[in-house]
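Let's take a walk through this structure together, from the overall layout to a few individual residues. Have the sequence and the 3D view ready.

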Amino acid sequence: MGRAALVLLFAALATGAAPWTEGPGPFRVRTLVDEIDAGGWLHDMAYGAGVFVVVGPFRILVSKDGVRWKKVHAPARMNAVEYTEVGFLAVGNAGTLMASKDGWDWKRYKVGQDLEWDLFGVAYGGGWYFVEANEGVILASRNLRDWVELLRDEDMTGMVYGNGRLVVGSLWKLHVVEPERR
(Lines give C-alpha, C1' and ligand atoms only; values in the text may rest on other atoms or scores of the structure.)
Protein backbone atom coordinates (compact mmCIF):
# COMPACT_ATOMS: atom_id res chain seq x y z
CA MET A 1 0.00 0.00 0.00
CA GLY A 2 1.39 3.39 -0.99
CA ARG A 3 1.99 6.27 1.41
CA ALA A 4 -0.99 8.28 0.05
CA ALA A 5 -3.29 5.30 0.54
CA LEU A 6 -2.04 4.84 4.13
CA VAL A 7 -2.63 8.52 4.88
CA LEU A 8 -6.16 8.28 3.42
CA LEU A 9 -6.91 5.11 5.40
CA PHE A 10 -5.55 6.64 8.63
CA ALA A 11 -7.60 9.82 8.09
CA ALA A 12 -10.73 7.77 7.45
CA LEU A 13 -10.19 5.62 10.54
CA ALA A 14 -9.43 8.67 12.68
CA THR A 15 -12.65 10.42 11.58
CA GLY A 16 -14.75 7.26 11.54
CA ALA A 17 -15.49 7.66 7.82
CA ALA A 18 -15.10 4.77 5.40
CA PRO A 19 -12.44 5.29 2.71
CA TRP A 20 -13.07 5.22 -1.02
CA THR A 21 -11.54 2.28 -2.87
CA GLU A 22 -10.86 1.79 -6.55
CA GLY A 23 -13.68 0.01 -8.31
CA PRO A 24 -14.07 -1.41 -11.79
CA GLY A 25 -13.36 0.94 -14.67
CA PRO A 26 -13.96 4.60 -13.91
CA PHE A 27 -15.73 3.97 -10.59
CA ARG A 28 -14.75 4.11 -6.94
CA VAL A 29 -16.58 2.42 -4.07
CA ARG A 30 -17.24 3.41 -0.46
CA THR A 31 -18.91 0.97 1.91
CA LEU A 32 -20.75 2.57 4.81
CA VAL A 33 -21.39 0.45 7.87
CA ASP A 34 -20.98 2.26 11.19
CA GLU A 35 -21.81 5.61 9.62
CA ILE A 36 -25.42 4.73 8.83
CA ASP A 37 -26.54 2.79 11.94
CA ALA A 38 -28.66 0.50 9.76
CA GLY A 39 -29.87 -1.52 12.73
CA GLY A 40 -30.31 -4.61 10.58
CA TRP A 41 -31.04 -5.68 7.05
CA LEU A 42 -31.81 -2.74 4.73
CA HIS A 43 -34.77 -3.87 2.63
CA ASP A 44 -35.40 -1.35 -0.15
CA MET A 45 -34.41 2.06 -1.47
CA ALA A 46 -35.74 4.83 -3.69
CA TYR A 47 -34.63 8.19 -5.05
CA GLY A 48 -36.76 11.29 -5.64
CA ALA A 49 -37.21 14.92 -4.60
CA GLY A 50 -33.40 15.19 -4.51
CA VAL A 51 -32.92 12.59 -1.76
CA PHE A 52 -32.13 8.90 -1.31
CA VAL A 53 -34.44 6.97 1.03
CA VAL A 54 -33.59 3.53 2.44
CA VAL A 55 -35.89 1.45 4.67
CA GLY A 56 -35.03 -1.15 7.28
CA PRO A 57 -36.07 -2.31 10.74
CA PHE A 58 -37.75 0.51 12.67
CA ARG A 59 -35.97 3.20 10.65
CA ILE A 60 -35.93 5.17 7.46
CA LEU A 61 -32.57 6.55 6.33
CA VAL A 62 -32.52 9.77 4.29
CA SER A 63 -29.59 11.40 2.47
CA LYS A 64 -29.02 14.15 -0.07
CA ASP A 65 -25.64 12.78 -1.17
CA GLY A 66 -25.79 9.06 -0.37
CA VAL A 67 -22.90 9.41 2.11
CA ARG A 68 -24.27 11.38 5.09
CA TRP A 69 -27.52 9.90 6.42
CA LYS A 70 -30.24 11.03 8.82
CA LYS A 71 -32.20 8.37 10.68
CA VAL A 72 -35.97 8.77 10.95
CA HIS A 73 -37.77 6.51 13.44
CA ALA A 74 -40.37 4.17 11.97
CA PRO A 75 -42.96 2.36 14.11
CA ALA A 76 -42.32 -1.05 12.48
CA ARG A 77 -39.92 -3.04 10.35
CA MET A 78 -40.12 -1.28 6.99
CA ASN A 79 -40.05 -3.53 3.92
CA ALA A 80 -40.42 -1.38 0.80
CA VAL A 81 -40.29 2.22 -0.42
CA GLU A 82 -41.23 3.84 -3.74
CA TYR A 83 -41.05 7.38 -5.05
CA THR A 84 -44.31 8.28 -6.83
CA GLU A 85 -46.05 11.38 -8.12
CA VAL A 86 -47.40 11.96 -4.58
CA GLY A 87 -43.95 11.58 -2.98
CA PHE A 88 -42.41 8.71 -1.06
CA LEU A 89 -44.52 5.80 0.13
CA ALA A 90 -43.00 3.28 2.54
CA VAL A 91 -44.64 0.14 3.89
CA GLY A 92 -43.84 -2.29 6.68
CA ASN A 93 -45.11 -4.82 9.17
CA ALA A 94 -48.29 -4.49 11.23
CA GLY A 95 -50.10 -2.54 8.49
CA THR A 96 -47.68 0.40 8.59
CA LEU A 97 -47.76 2.81 5.64
CA MET A 98 -45.78 6.04 5.80
CA ALA A 99 -45.93 8.91 3.31
CA SER A 100 -43.60 11.86 2.73
CA LYS A 101 -43.44 14.51 0.01
CA ASP A 102 -39.76 15.27 0.67
CA GLY A 103 -38.30 12.17 2.38
CA TRP A 104 -37.62 14.06 5.61
CA ASP A 105 -41.06 14.50 7.20
CA TRP A 106 -43.27 11.41 7.37
CA LYS A 107 -46.93 10.83 8.20
CA ARG A 108 -48.08 7.40 9.40
CA TYR A 109 -51.16 5.56 8.16
CA LYS A 110 -52.58 2.19 9.22
CA VAL A 111 -53.73 -0.44 6.72
CA GLY A 112 -56.26 -2.81 8.31
CA GLN A 113 -57.85 -2.92 11.72
CA ASP A 114 -55.30 -4.68 13.90
CA LEU A 115 -51.93 -6.21 13.09
CA GLU A 116 -53.41 -8.32 10.31
CA TRP A 117 -51.35 -7.04 7.36
CA ASP A 118 -47.61 -7.09 6.90
CA LEU A 119 -46.94 -4.96 3.81
CA PHE A 120 -44.21 -5.79 1.29
CA GLY A 121 -44.83 -3.56 -1.73
CA VAL A 122 -46.38 -0.21 -2.59
CA ALA A 123 -47.40 1.68 -5.73
CA TYR A 124 -49.47 4.72 -6.70
CA GLY A 125 -51.24 5.80 -9.86
CA GLY A 126 -54.50 7.08 -11.24
CA GLY A 127 -55.47 8.46 -7.83
CA TRP A 128 -55.12 5.01 -6.21
CA TYR A 129 -52.71 3.70 -3.59
CA PHE A 130 -51.84 0.00 -3.86
CA VAL A 131 -50.14 -2.19 -1.26
CA GLU A 132 -48.98 -5.78 -1.39
CA ALA A 133 -49.85 -7.55 1.83
CA ASN A 134 -49.03 -10.97 3.26
CA GLU A 135 -50.55 -14.03 1.57
CA GLY A 136 -50.24 -12.31 -1.82
CA VAL A 137 -53.07 -9.85 -1.31
CA ILE A 138 -53.22 -6.54 -3.23
CA LEU A 139 -55.24 -3.83 -1.49
CA ALA A 140 -56.29 -0.50 -3.03
CA SER A 141 -57.37 2.83 -1.53
CA ARG A 142 -58.11 6.35 -2.71
CA ASN A 143 -57.73 7.96 0.73
CA LEU A 144 -55.28 5.73 2.73
CA ARG A 145 -58.10 4.87 5.17
CA ASP A 146 -60.60 2.67 3.29
CA TRP A 147 -59.07 -0.37 1.56
CA VAL A 148 -60.53 -2.93 -0.86
CA GLU A 149 -59.00 -6.25 -1.83
CA LEU A 150 -58.18 -6.31 -5.56
CA LEU A 151 -56.72 -9.77 -5.92
CA ARG A 152 -54.97 -12.60 -4.15
CA ASP A 153 -52.04 -14.60 -5.56
CA GLU A 154 -49.72 -16.34 -3.10
CA ASP A 155 -46.98 -16.54 -5.78
CA MET A 156 -46.82 -12.74 -6.20
CA THR A 157 -43.40 -11.33 -7.07
CA GLY A 158 -44.08 -7.59 -7.29
CA MET A 159 -46.18 -4.84 -8.82
CA VAL A 160 -45.83 -1.58 -10.75
CA TYR A 161 -48.29 1.10 -11.90
CA GLY A 162 -48.02 2.77 -15.30
CA ASN A 163 -50.07 3.82 -18.31
CA GLY A 164 -53.33 3.61 -16.34
CA ARG A 165 -52.77 0.02 -15.22
CA LEU A 166 -51.43 -1.89 -12.24
CA VAL A 167 -49.37 -4.88 -13.39
CA VAL A 168 -48.78 -7.57 -10.77
CA GLY A 169 -46.16 -10.24 -11.33
CA SER A 170 -46.46 -13.82 -10.18
CA LEU A 171 -44.28 -16.88 -10.63
CA TRP A 172 -46.11 -18.05 -13.76
CA LYS A 173 -48.44 -15.22 -14.78
CA LEU A 174 -49.16 -11.48 -14.86
CA HIS A 175 -52.29 -9.80 -13.54
CA VAL A 176 -53.33 -6.54 -15.20
CA VAL A 177 -55.70 -4.35 -13.19
CA GLU A 178 -57.33 -1.27 -14.70
CA PRO A 179 -60.35 0.89 -13.85
CA GLU A 180 -63.63 -0.02 -15.51
CA ARG A 181 -64.32 1.99 -18.65
CA ARG A 182 -67.72 3.67 -18.48
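**A guided walk**

Start with the largest pocket: its lining divides into seven nonpolar residues, three polar ones and one charged. In that tally Ala, Val, Leu, Ile, Met, Phe, Trp, Tyr, Cys and Pro count as nonpolar, Asp, Glu, Lys and Arg as charged, and the others, Gly among them, as polar. The lining is made by Gly125, Gly126, Trp128, Phe130, Ala140, Leu150, Tyr161, Gly164, Val177, Glu178 and Pro179. Its volume is about 160 Å³, meaning the space filled by probe spheres set on grid points that are joined across faces, edges and corners. A pocket here is an open set of points on a 1 Å grid over the protein atoms alone, where a 1.4 Å probe fits, with protein on both sides within 12 Å along at least five of seven lines; lining residues have an atom within 4 Å of a point.

Before going further, a word on what you're looking at. This is a predicted model, in which local features need pLDDT of at least 70 and side-chain atom pairs count only at pLDDT 80 or more, while totals for chains, interfaces and linings use all residues. Residues are numbered from 1 along each chain as its sequence is written, and side-chain values use heavy atoms, with hydrogens and water left out.

Now step back to the whole chain. Its secondary structure comes to one helix and 15 strands; these are DSSP runs numbered from the N terminus, helices being H or I with at least four residues and strands E with at least two. Of the 182 residues, 40% are buried, which is to say under 20% relative accessible area, with exposed meaning over 50% and partly exposed in between (1.4 Å probe, protein chains only).

What sits inside? The largest nonpolar core has 18 residues, and those with the most contacts inside it are Leu97, Val111, Val131, Leu139 and Trp147. Such a core is a set of buried Ala, Val, Leu, Ile, Met, Phe, Trp, Tyr and Cys residues joined through side-chain atoms within 4.5 Å. Strand 6 (87-92), strand 7 (96-100), strand 9 (119-125), strand 10 (128-133) and strand 11 (137-141) each supply at least two of its residues. Apart from this core lies another, of 14 residues, including Val55, Val62, Val81 and Ala90.

Threonine 84 counts as buried because its relative accessibility is 10%. Leaving aside neighbours within four places in sequence, threonine 84 is in contact (heavy atoms within 4.5 Å) with Leu89 and Tyr124.

Next, head for the loop between strand 10 and strand 11, where you'll find asparagine 134. At 22% relative accessible area, asparagine 134 is partly exposed. Beyond its neighbours within four places in sequence, asparagine 134 touches Glu116, Trp117, Asp118 and Phe120. Take aspartate 118: it is 16 residues away from asparagine 134 in sequence, but 5.5 Å away in space, C-alpha to C-alpha. Glutamate 135 is in that loop between strand 10 and strand 11 too, and its phi is near 65 degrees, a positive value in a residue other than glycine.

One more backbone stop: phenylalanine 58, in strand 4 (residues 51-63), has a positive phi of about 60 degrees although it is not a glycine. Phenylalanine 58 is partly exposed, with a relative accessible area of 45%.
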